[in-house]
Amino acid sequence: MASNVWVQVPLLSFVLKYYKLLLLITMKYNIFPLLIWIENISNYFIEASSFIKDKILLILLVFILIAMIGLFFVRTDNKVRNLSIWFANVILLISSLLYVNFDTYTFEFQYIYTFPWSPFLNVYYTLAVDGVSLFFIILSTFLTVVCILVSWESIQYRVREFMILLFLIEFLLINVFTVLDLFLFYVFFEGILIPMFIMIGIWGSRERKIHAAYQFFLYTLTGSILMLLVIIYIYINIGTTYWGMLVNYTFIFEKEAIFWLAIFISLAVKIPMVPVHIWLPEAHVEAPTAGSVLLAGILLKMGGYGFLRFLLPVFPTASHYFTPFVLVIAVISIIYSSLTTIRQIDLKKIIAYSSVGHMNFVMLGIFSGTVEGVEGAIFLMISHGIVSSGLFMCVGILYDRYKTRIIEYYGGLATKMPIFAIFFFIFTLANVGMPGTSSFIGEILILIGIMHINTTAAVLGFTGMIFGAVYSIWLYNRVMFGSVKQEYIWFYNDLAWEISPQQGIDREAFMLFPLVFLILVLGIYPNLILDSVHCASYRIIELQSLIV
Amino acid sequence: MLTLFSNNFSLVLPELYLFLSINILLMVGVYRSRTNILNYNGSGILRLSLLSLFFLIILYFNNVECQFVVFNYMFFSSEFILLLKILIIIFAFIVTYLSLSYLIEEKIYSFEYSILILLSVLGMLLLVSSYDFLSLYLALELQSLCFYILAAYKKSNSESTEASLKYFVLGAFSSGLLLFGLGLLYGLSGTTSFEEFIYYTSESIYSGEWGLAIIFILAGFLFKLSAAPFHVWTPDVYDGAPLIVVTFFATVAKIAAFGVVVTLAYKVFITNTEFSSTMLYSCSLISLFIGTFGALYQTKIKRLYAYSTINHVGFMLLGLSTISLEGLEASVLYLCVYLILNLTLFGVILSIRVNATNAKLVYLNEFRLLVKNNIVLAIVFTIALFSIAGIPPLMGFYSKYYVIVAAFRSEYYFMAIMALIFSVISAVYYIRLVVFMFFEHSKPLEFAFFKLVPFELSVVMSYTTLINVLFFVRPDNILLLCHRITLQFFTI
């Protein structure tokens with residue numbers, strides 16, 4: 001256990017460090033006494049955490065609710081921004097306690113909290129964390145902070161409502177990733193539609209946003225009614241929707257296959273896999289930058305999480321049976337989306353389509369039936385959450401300055417915006433899956449896993465890596481190199497890198513920095529995540545192999 | 001032997017009280033409106049009728065006995081009926097409360113409005129507790145006649161009169177159907193009493209004529225419930241009648257019709273469920289279809305509400321058509337949820353008035369004016385719309401879920417899947433209103449100041465919205481209530 005703590009020190013120190021950086025942004029005067037105070041408080045938290053270990057999840061959720069209610073009473077926009085970044089940071093700190101106290105040597109659920117939500121319906125609100133869900137929770141709290149920083153200046157209209165919606169999404173996300181009841185999983189999974197729909201619709205940038213919002217809403221709703229049908233059938237015939245019971249239940253194979261297909265379709269809409277991916281580029285392009293970051297960073301992962309948590313353990317036989325089918329669709333999705341990406345002219349669409357490709361790598365890993373594959377899938381999801389968020393933030397920075405996302409109008413930015421070019425370069429490399437970045441670890445693990453069961457799928461699927469290099473490097477080439485297109489954009493200004501009391505602190509460089517830091521750290525030392533994931537992913541494979 | 005005088009009048013005390021208070025209020029109203037003709041605005045009678053409804057609720061809550069049959073098997077009551085009666089009175093109370101400001105705004109200064117509301121409430125109370133086809137028919141006519149007059153209450157408006165006439169003609173037609181069915185049934189069984197009828201049919205074998213009679217009788221009440229294919233009056237009446245009266249039709253009137261359909265399908269025709277079940281089933285399917293696809297092309301808010309009502313009636317009938325405990329339970333829950341949500345939806349359009357013209361918003365795309373004027377009202381409206389579209393974690397989702405669970409339990413797989421598909425399609429027109437409100441920016445010079453929301457409306461809407469949002473926290477209480485009340489149909 002002691003060694004375990006040492007392993008976690010780098011991330012913890014990072015959290016504290018990152019916290020200081022955020023403080024620097026929010027406070028515009030001398031803050032060193034405050035920093036010491038914050039450190040003391042956080043130390044106190046870590047010591048006290050053994051007492052509140054069972055209640056961390058509850059505290060987390062209650063804090064988010066407090067943030068939502070508190071923001072209602074704040075009038076001016078600047079106060080709303082400051083208060084929400086404070087709340088988001090505290091929530092991030094609390095959620096990092098989950099990681100600090102996490103016992104990596106067991107696959108059992110930890111931090112369990114149960115509330116008899118409806119004994120009449122036999123639905124219990126059980127929250128728990130294991131290796132699969134741990135990093136999704138931290139990712140969602142982390143990305144909320146990032147989203148607030150991203151929308152610091154770009155959101156000028158109805159700031160308060162925006163922040164409340166952001167916290168509402170965070171609340172629902174943490175519930176999705178921790179709840180152990182299939183019915184409540186569905187409730188929260190669907191509940192995210194409302195705030196996301198409103199966010200795309202109100203703060204989207206163009207007229208086509210209405211179309212995009214409709215598509216997003218209806219694709220997901222239509223997909224998920226299939227899941228609802230299965231849930232109702234299970235509820236009637238088994239009498240419970242609790243995960244622990246369903247895992248131990250053996251279905252008749254024909255029924256299991258039908259259930260599997262229905263749930264697969266509804267989750268595949270979220271991933272998204274190819275026939276049902278149309279909503280994703282639309283929604284990404286029309287959403288505000290924070291919305292894109294949330295969509296790519298964490299909402300797509302709900303699909304992957306659903307596969308890992310519910311589909312594989314509850315329907316192991318059907319999962320095994322349908323593995324070739326999934327692999328075929330995933331390979332088609334990878335190749336199709338990669339080829340589509342090359343031809344796009346909109347910066348956000350490129351990143352959106354490349355997300356489709358990466359998420360289908362994840363599908364290859366999930367259905368590889370090996371521990372390496374599943375671990376790689378989780379790792380790649382986390383990594384993609386960071387990388388694609390970073391890329392969307394870069395696009396957001398460009399859009400905030402020059403009000404266009406069409407590649408045609410950009411060129412030679414490396415000479416005019418060198419600091420931005422460096423950040424963008426690191427994110428591009430991570431998107432390619434360069435060794436040394438976090439994506440590489442995930443992709444290599446998935447490659448190892450999928451090689452075990454299907455060489456053809458491995459070879460075909462990993463042509464996507466080559467295509468990824470093609471579109472990413474070509475994108476970088478077109479935007480950053482070449483001649484400066486002075487006829488379109490007259491004035492360029494780079495990200496500021498100095499901290500000066502006169503000009504204040506540059507927000508943009510500081511919000512990109514933690515993402516770059518995480519990408520490199522996880523690329524160099526992946527055990528920060530993998531250590532906690534081992535046991536949980538082993539259980540997923542174990543549950544499958546027991547029956548097959 | 002039961003005679004008229006051997007009956008216990010204390011059991012029907014609430015109804016007697018209501019009848020007496022209506023008479024007194026009528027006399028007071030006539031006197032006051034004649035003596036004080038210049039500045040009479042009828043609100044005094046309205047307040048008095050509120051008071052009498054309040055006492056009525058107290059009387060029902062303190063009922064000595066809730067399971068009895070009196071007046072020579074003409075009049076009965078049970079826990080379920082009591083729940084329906086309390087619902088009727090509570091919602092009638094709320095609608096009357098809301099009409100305080102509405103009548104002043106619309107310059108309707110006559111006291112007969114409150115008398116008609118009370119009379120129709122009396123009709124509905126008698127309707128749900130009728131135990132004989134004759135008393136059933138009489139109570140139905142009492143209620144319907146009040147409705148016809150109420151629909152025409154805005155005399156200066158030609159649309160209101162037109163709506164009333166349409167309602168009257170179609171209502172008379174449906175009464176004819178009902179009477180035809182009653183006549184057939186009387187000819188076949190020789191009795192009009194439910195008690196004797198149940199006794200009689202427990203031994204006999206049904207044939208085609210019986211089915212015809214049952215279908216005609218149910219058609220008469222499904223008309224009142226505005227279930228398709230008997231829905232034709234609904235959009236026109238909703239569109240033409242005064243808004244407060246439409247609110248009354250959409251909430252209170254539905255409870256009574258629902259109660260009668262339940263009594264018929266679950267008590268009177270329980271020995272032969274084929275005909276009634278098939279009838280409810282097919283009406284449910286058609287209602288879902290028409291309510292979904294009819295609403296997609298509407299541009300007026302009231303017509304949209306009318307079609308949405310038809311859609312929800314389809315859901316209620318789906319629960320009822322299973323003739324099972326779960327189905328009835330789900331339908332009762334659906335009814336309660338539908339009432340609360342409809343109150344919010346109607347409350348929103350009741351509370352919007354353009355300051356300059358005193359006009360209400362009629363078309364859907366006018367709602368983009370709402371956000372700039374009153375963001376809180378827009379949020380309330382949005383929550384209600386998402387809820388009624390069936391998006392979790394709001395209240396509307398659980399009612400739909402419950403109905404579909406009941407349909408699954410009774411192995412109505414086709415119907416359950418159709419209901420889910422229709423509910424997804426119907427989500428389109430609900431979220432279209434959200435799109436109109438939030439996503440479309442109004443044109444530069446387009447702006448209208450709205451009047452302040454009346455106090456009564458803000459109270460009612462805030463409570464309904466709270467229930468809507470907080471239902472998720474603890475759904476068990478209301479589920480258990482529905483369960484307990486519906487159990488009695490199956491325990492005797």
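A polar contact is a pair of N or O atoms within 3.5 Å; within protein, one must be able to donate a hydrogen and the other to accept it, and residues adjacent in sequence count only if both atoms are side-chain atoms. Between chain A and chain B, 5 residue pairs are in polar contact, both residues being at pLDDT 80 or more. The model is a predicted one, in which local features need pLDDT of at least 70 and side-chain atom pairs count only at pLDDT 80 or more, while totals for chains, interfaces and linings use all residues. Residues are numbered from 1 along each chain as its sequence is written, chains are lettered from A and ligands numbered from 1 in the order in which they are written, and side-chain values use heavy atoms, with hydrogens and water left out.

Across the interface of chain A and chain B there are 0 salt bridges (a side-chain nitrogen of Lys or Arg within 4 Å of a carboxyl oxygen of Asp or Glu). The side of chain A that touches chain B receives two or more residues from each of β1 (110-118), α7 (182-191), α8 (193-203) and α9 (209-238) of chain A; helices (H or I, at least four residues) and strands (E, at least two) are DSSP runs, numbered from the N terminus. With 15 residues, α9(A) gives the most to this side. By class, the side comprises 28 nonpolar, 4 polar and 4 charged residues, where Ala, Val, Leu, Ile, Met, Phe, Trp, Tyr, Cys and Pro count as nonpolar, Asp, Glu, Lys and Arg as charged, and the others, Gly among them, as polar.

Two or more lining residues come from each of α7 and α9 of chain A and α16 (395-409) and α17 (413-439) of chain B. The most, 4 residues, are given by α16(B). The lining of this cavity divides into 11 nonpolar, 2 polar and 2 charged residues.
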